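Here are my notes on this one, as numbered points. Have the coordinates open while you read.

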Amino acid sequence: MRCLLAATALLLAVPADAAKTLVVNANGYTLDNAGNLRRFSTLFVGDDGKVLAILPKGAAEPKLVAGDFKLDARGRTLIPGLIDAHGHVMSLALGLRSLDLSGAAGLADAQAKIAAYAARDTSAGWIRGGGWNQVSWGLGRMPTAAELDAAYSARPVWLSRVDGHAGWANSAALKAAGITRATKDPAGGRILRDAAGNPTGVLIDAAMDLVDKVAPPPSAGEREKALETALEHLASLGLTGVHDMGTSAEDWALFRTFGDEGRLTLRITAYAGGMPAMEAISPLRPTPWLYGGRLKLQGIKLYTDGALGSRGAFLLKPYSDEAGTRGLQFLDDAKIKNLFSRSNYLGYQVAAHAIGDAANRQALDAFAEIRPAYGDKFRNRIEHAQVIDLADIPRFAEMKIIASVQPTHATSDKAMAGDRLGEARLEGAYAWVSLLKAGVKLALGSDFPVEPANPFYGLHSAVTRQDRQDQPPGGWRPQEALTMQQAFAGFTTDAAWAGGADGKVGVLQEGAHADFLLLDRDPFTIAPAELPQVSVEETWLDGRRVFVRKLR
């Protein structure tokens, strides 16, 4: 990746800061205020980084003066910069610089990767990483501490599951955390145990805190280098904006440092990781947009349940493949309502994590209770909205609750979801078209690093309901596939609307930020199966290049 990004820094000052920019001969696409696709061939940007005009083919070119910058797009496709409506910037950042098991083909392959990483790591500290997925391994159960010990046992090893809702510890890590047979499950979490009650090495949701609190955190220098890597990575993928879900006070301080130093090459719409983070960052009200619209504390991320893969999602009825559990209810109804109410009272948008149908109903019930006091002005949203009872889908529209969904979750979860839910409950699972038909606004994202951050993977999953190996033929539950225009809106105008920045980003129109991409092919005319191969050749933010792909 670094070879492709090497030229980035050299091009940040081209065009000059006091210059207008004219892009000509572009195959341009944007959405208008009515949601219709608008074509253009010329983009004119002011010296303030805002769009002055978009012009159709054949229109007279605006006049430039000495010092202005003109770029011939040479027929390349130009679209607005894409927005991921649900990502985790620092989790991605740190993950890019730690042990990554997302590509492991099975348990044995994961063990080999762990052993190889440990052999390369010359530090004396813990080994951290993540990305493992027992479902894709075909394991049929969670891995164990003994299996992790077989790969490496000399130092503590602590690895998060791909969804971030479970952690896998070796015996040294369990010992460091003081986790024994006598350790009780914390509220909202679970310690997996064997028949004798001994911890097996996997901790679910809140139980992960038992290890997290003793594992040494990365240093300030490591975090800085990690964020620098993540910003380069995201720019190379065509992301100019991210809704950062679960921002900590430490994350915020680092974002501010990058903003102060002119290094923040991404618009971060931040959602504090719960009330304590909000109180540490901005306890009285949301912040204004900082650094020319590149950073804002917009809302508060609150959890109602865990994840489906680790059976932490809170369901109305027991899991089809584990009849003894309905998952994890994180908070009771009164607590959820009070947290939602306090958030809106302070002016914050609520972003409620809800995956199971019981969790989605609990969140909707809480929104219904506070709506008489706060109305719809905060654009409250439910993150994931993954499994919904069919009776609850119209309630999203009635209360104008945004469904913030991640298309690649459907194509990654397709086999596991059927096992967990059974056929009947799948009717309301990953049901994007059903939500749209009910009048619900959809914002699309990836949940990176749970899934790859590449938005073209998300566009592909949204329109094909297939994974990147073109499976299953015809798509999984294809009746819920979006059109390309609907999916494009989800990563542009609708994501902007969900973050309170509609008309400012996600669109190329007069007065909007000139955030745009130049692509190697046209995503609106290629075969949908080709979408994952779309390559971003240039990424621009406020009319300035922040990435250009180096020619090989």
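1. Let's start with the eight-stranded sheet: it is open, its pairing is parallel, and the strand order reads β8-β15-β16-β17-β18-β19-β20-β21. The edges are β8 (82-87) and β21 (442-444), each of which pairs on one side only. On average, neighbouring strands here are turned by 25° against each other, direction ignored. On terms, helices (H or I, at least four residues) and strands (E, at least two) are DSSP runs numbered from the N terminus, and two strands pair if DSSP finds at least two bridges between them.

2. Before going further, the ground rules. This is a predicted model, where local features need pLDDT of at least 70 and side-chain atom pairs count only at pLDDT 80 or more, while totals for chains, interfaces and linings use all residues. Residues are numbered from 1 along each chain as its sequence is written, and side-chain values use heavy atoms, with hydrogens and water left out.

3. β8 pairs with β15 (residues 239-247) in the parallel sense, over four bridges. Aspartate 84 has valine 242 in β15 as its bridge partner.

4. Helix α12 (residues 357-374) packs on this sheet, where it touches β18 (349-354) and β19 (381-384). Its direction makes about 170° with that of β19. Contact means heavy atoms within 4.5 Å; axes are lines fitted to C-alpha atoms (for helices, over the stretch in contact), and angles run from 0 to 180 degrees between N-to-C directions.

5. What does α12 do with α11? The axes of α11 (residues 333-345) and α12 come within 9 Å and cross at roughly 45°, so α11 is oblique to α12. The cut-offs: under 35 degrees is roughly parallel, over 145 roughly antiparallel, 65 to 115 roughly perpendicular, and the rest oblique. The contact includes Ile336, Phe340 and Tyr345 of α11 along with Ala363, Phe367 and Ile370 of α12. By class, its residues divide into eight nonpolar, three polar and three charged. Here Ala, Val, Leu, Ile, Met, Phe, Trp, Tyr, Cys and Pro count as nonpolar, Asp, Glu, Lys and Arg as charged, and the others, Gly among them, as polar.

6. Next helix pair: α14 (residues 407-421) and α16 (residues 455-464) pack at an angle of about 65°, with axes 7 Å apart. These two are therefore roughly perpendicular to each other. On the α14 side the contact is made by Pro407, Thr408 and Thr411, and on the α16 side by Tyr457, Gly458, Ser461 and Ala462. That contact has three nonpolar, four polar and no charged residues.

7. Salt bridges: the count comes to 35, taking a side-chain nitrogen of Lys or Arg within 4 Å of a carboxyl oxygen of Asp or Glu. One to click on is arginine 420 with aspartate 321, at 2.7 Å, N to O. Arginine 420 sits in helix α14 and aspartate 321 in the loop between β17 (295-303) and α11, so the pair ties together parts that are 99 residues apart in sequence.

8. There is also an open sheet of six strands, with mixed pairing and the order β3-β2-β7-β22-β23-β24. β3 (37-40) and β24 (544-548) are its edge strands, and the twist averages 25° from one strand to the next. β22 (residues 516-519) and β23 (residues 536-541) pair in the antiparallel sense over four bridges; leucine 519 stands opposite valine 536 in β23.

9. Helix α8 (residues 220-237) lies across β23 and β24, running at about 115° to β23. The axes of α8 and α9 (residues 249-260) come within 11 Å and cross at roughly 65°, which makes α8 roughly perpendicular to α9. Among the contact residues are Arg223 and Leu227 of α8, and Asp251 and Phe255 of α9.

10. Finally, some backbone spots to check. Most residues other than glycine have a negative phi, and most peptide bonds are trans. The phenylalanine 448 to proline 449 bond is cis, with omega near 5°, and proline 449 lies in the loop between β21 and α16. Glutamine 471 to proline 472 is cis too, with omega near -5°; proline 472 is in the loop between α16 and α17 (484-490). Histidine 384, in strand β19, has a positive phi of about 90° although it is not a glycine.
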